[in-house]
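Welcome, and thanks for taking a look at this one. Here is a short tour of the fold, the aromatic rings and a few spots in the loops.

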Amino acid sequence: MSKWLLLTLLPFAFSCKSKPKEEASDTEPYFPIKSYIESQIAHVDTSLYTIQRIETQNNRSDTTVIPREDFKEEAKDFLEIPDITKSKWKDDYIETKLFDEALQSAVISYSPKEDDAEVRRQEVIIKPNANEGDQVKTIFIDRSFEDGSSSIQQKLLWEVNKWFRIVTITQKPNQPEQIKTVQVIWREGPSAE
């Protein structure tokens, strides 16, 4: 099957397989990243997965199994991100679509027009599949904001149907930055690897 045909099967039209398209029209909505993550959380919330949480800070890691009821709380940083699909923010971002030959995937990116936006970048990687339909594989979000006297940067990565990772870098005045990484992995059944 030609790459051109694969691209036409994507939920978003691409003008060229190697050149980015940098305009979004009012008739073509942004990819609903926040809604997609909410659906992933709802799926895990109704599953029987074993959920493992790994926290790393100051070169020490702690691994625990968490109850399903705590999963949404662990994923709350994804839910607190401004939803740039809303008309309030949509004009503040540039959408870029391209086909990455190395990944054999479509990449949809959103970057702010202004330097002070909280959401610094969002990226969705979609794997074309003619037989099963296009599949979202990875969501990446780069966020920066102030919390009191602290500057906080977050790198959020969601591997669809597998795990998510949140790297939080906190900088307080006159103190070294603190880096905390939380990875949450869900697996089917208690004996899954």
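Of the 193 residues in this chain, 39% count as buried. Please keep in mind that the model is predicted. The chain holds 5 helices and 9 strands, and along the sequence they follow the pattern α-α-β-β-α-α-α-β-β-β-β-β-β-β.

**Aromatic rings**

Let us turn to the rings. A pair of aromatic rings is described by the distance of the centres and the angle of the planes. The count in this model comes to 10 aromatic pairs.

| Pair | Centre distance | Plane angle | Class |
|---|---|---|---|
| W158 and F164 | 4.9 Å | 15 degrees | stacked |
| W158 and W186 | 5.5 Å | 50 degrees | tilted |

Why is the pair of W158 and F164 called stacked? Its planes stand at 15 degrees, and planes under 30 degrees apart count as stacked. The planes of W158 and W186 are at 50 degrees, so that pair is tilted. This second pair also links distant parts of the chain, as W158 sits in strand β7 (residues 150–159) and W186 in strand β9 (residues 178–187), 28 residues apart.

Are W158 and F164 buried or exposed? Both are buried, and W186 is buried as well. Ring pairs join F71, F78, W158, F164 and W186 into a cluster.

**Two asparagines with positive phi**

Backbone angles are worth a look too. N59 is not a glycine, yet it has a positive phi of about 65 degrees. Where does N59 lie? Its place is the loop between β1 (50–57) and β2 (60–66). N59 counts as exposed because its relative accessibility is 82%.

N161 is likewise not a glycine and has a positive phi of about 65 degrees. N161 is found in the loop between β7 and β8 (163–171). With a relative accessible area of 46%, N161 is partly exposed.

**A patch of negative charge**

Finally, the surface. Which residues gather in a patch of negative charge there? They are D91, D92, E114, D115 and D116. One of them, D116, lies in the loop between β4 (105–112) and β5 (119–127). D116 has 69% relative accessibility and therefore counts as exposed.

How values were computed. Residues numbered from 1 in each chain as written. Predicted model: local features only at pLDDT ≥ 70, side-chain atom pairs only at ≥ 80, totals over all residues. Heavy atoms only, no water. Patch = residues over 30% accessible without salt bridge, like charges linked within 9 Å, V, L, I, M, F, W, Y side chains within 5 Å. Areas by Shrake-Rupley, 256 points an atom, 1.4 Å probe, with all protein chains shown as cover. Salt bridge = Lys/Arg side-chain N within 4 Å of Asp/Glu carboxyl O. Lys, Arg positive; Asp, Glu negative; His and termini not counted. Charge placed at Lys NZ, Arg CZ, Asp CG, Glu CD. Helix = DSSP H or I, 4+ residues; strand = E, 2+ residues; numbered from the N terminus. Buried < 20%, exposed > 50% of the residue type's maximum accessible area, 1.4 Å probe, protein only. Phe/Tyr/Trp six-rings, centres within 6.5 Å; stacked < 30°, edge-to-face > 60°.
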